[in-house]
Amino acid sequence: PPPNCSREQRALIQAILKAYERHQIPHDVAKKLLHDQYSVEENFLLLTEMATNQVQVLVEFTKNIPGFLSLDHEDQIALLKGSAVEAMFLRSAQVFSSKTPAGHTEVLEDRIRKSGISEEFIIPMFNFYKSIGGLHMNPEEQALLTAITILTPDRPYVKDQSKLCTLHHPHEPQYFARLLGRLTELRSLNHYHTEIISSWRVSDHKFTPLLCEIWDVQ
Ligand SMILES: CC(C)c1onc(-c2c(Cl)cccc2Cl)c1COc1ccc2cc(-c3cccc(C(=O)O)c3)sc2c1
């Protein structure tokens, strides 16, 4: 944490970092990326399993963000629903920017490229992955950026936005300016993702109940 950080802010950053590092996709699930068959169908099924696991991990991480559980219950749901796709772009981006164990990067890229997503969406997606990779974020920044993405109050269905802004944000504008700039890029990916989901639906692809609930599909 930056030197001019108060003791309380430092404790908050540590709590968020600990929650982030504690809640990760289990290795045996992530490893499947390396071993499972390669076909458009297999890739889609595997990515569906990864996304489902990721939503579960995200919920656990979010519940451990100090103050989150004191929010209005409906707002907690609204924040998770509104930020899930962005948080998963961030997480999968971290896999591309040299997340261990090695080998996931190429494999994940290959499976995403061959999962039935049309090229028009692949281009902005991988541009985003490159731009996130270029930031070389450390785990603290990754954890904080994910927490900021989830706690962004202007989600649809969120009622008392003022309460959310009182949640401490370690204010380092000059430090996070670039990171926060990526959040606008992240927002644009939301729109692409809605298109991607509906194009999979058109070709009769099934999602898991958790993804259907969080993405309001089926
Ligand atoms: C339903 C499914 C077909 C789908 O629909 N849209 C998307 C999507 C795609 Cl394509 C791109 C971005 C966002 C979304 Cl949401 C997806 C797949 O989403 C995911 C979501 C999270 C993760 C985490 C991973 C990962 C790997 C190794 C290691 C780790 C790790 O954290 O250790 C994480 S892979 C992965 C795939």
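The legends below describe close-up views of a predicted model.

Local features here need pLDDT of at least 70, side-chain atom pairs count only at pLDDT 80 or more, and totals for chains, interfaces and linings use all residues. Residues are numbered from 1 along each chain as its sequence is written, and side-chain values use heavy atoms, with hydrogens and water left out.

**View 1. The shell around the ligand.** The ligand is surrounded by 24 residues, each with a heavy atom within 4 Å of it. Gln54, Arg91, Tyr129, His193 and Trp200 are the closest. By class, 18 are nonpolar, four polar and two charged; Gly counts as polar in this scheme.

**View 2. Helices that supply the shell.** Helices are DSSP runs (H or I, at least four residues), numbered from the N terminus. Helix 3 (40-63) is among those that each supply at least two shell residues, and its six residues are the largest share. Others include helix 4 (73-96) and helix 9 (173-202).

**View 3. Two side chains at the ligand.** An N or O atom in the side chain of arginine 91 is 3.0 Å from a ligand oxygen. For histidine 193, the side-chain N or O atom is 2.7 Å from a ligand nitrogen.

**View 4. A salt bridge.** Lysine 81 and aspartate 216 form a salt bridge, with their closest N and O atoms 2.6 Å apart. Lysine 81 is in helix 4 and aspartate 216 in the segment after helix 10, 135 residues apart. The structure holds eight salt bridges (a side-chain nitrogen of Lys or Arg within 4 Å of a carboxyl oxygen of Asp or Glu).

Conventions:
Polar contact = N/O pair within 3.5 Å; in protein donor to acceptor, adjacent residues only side chain to side chain.
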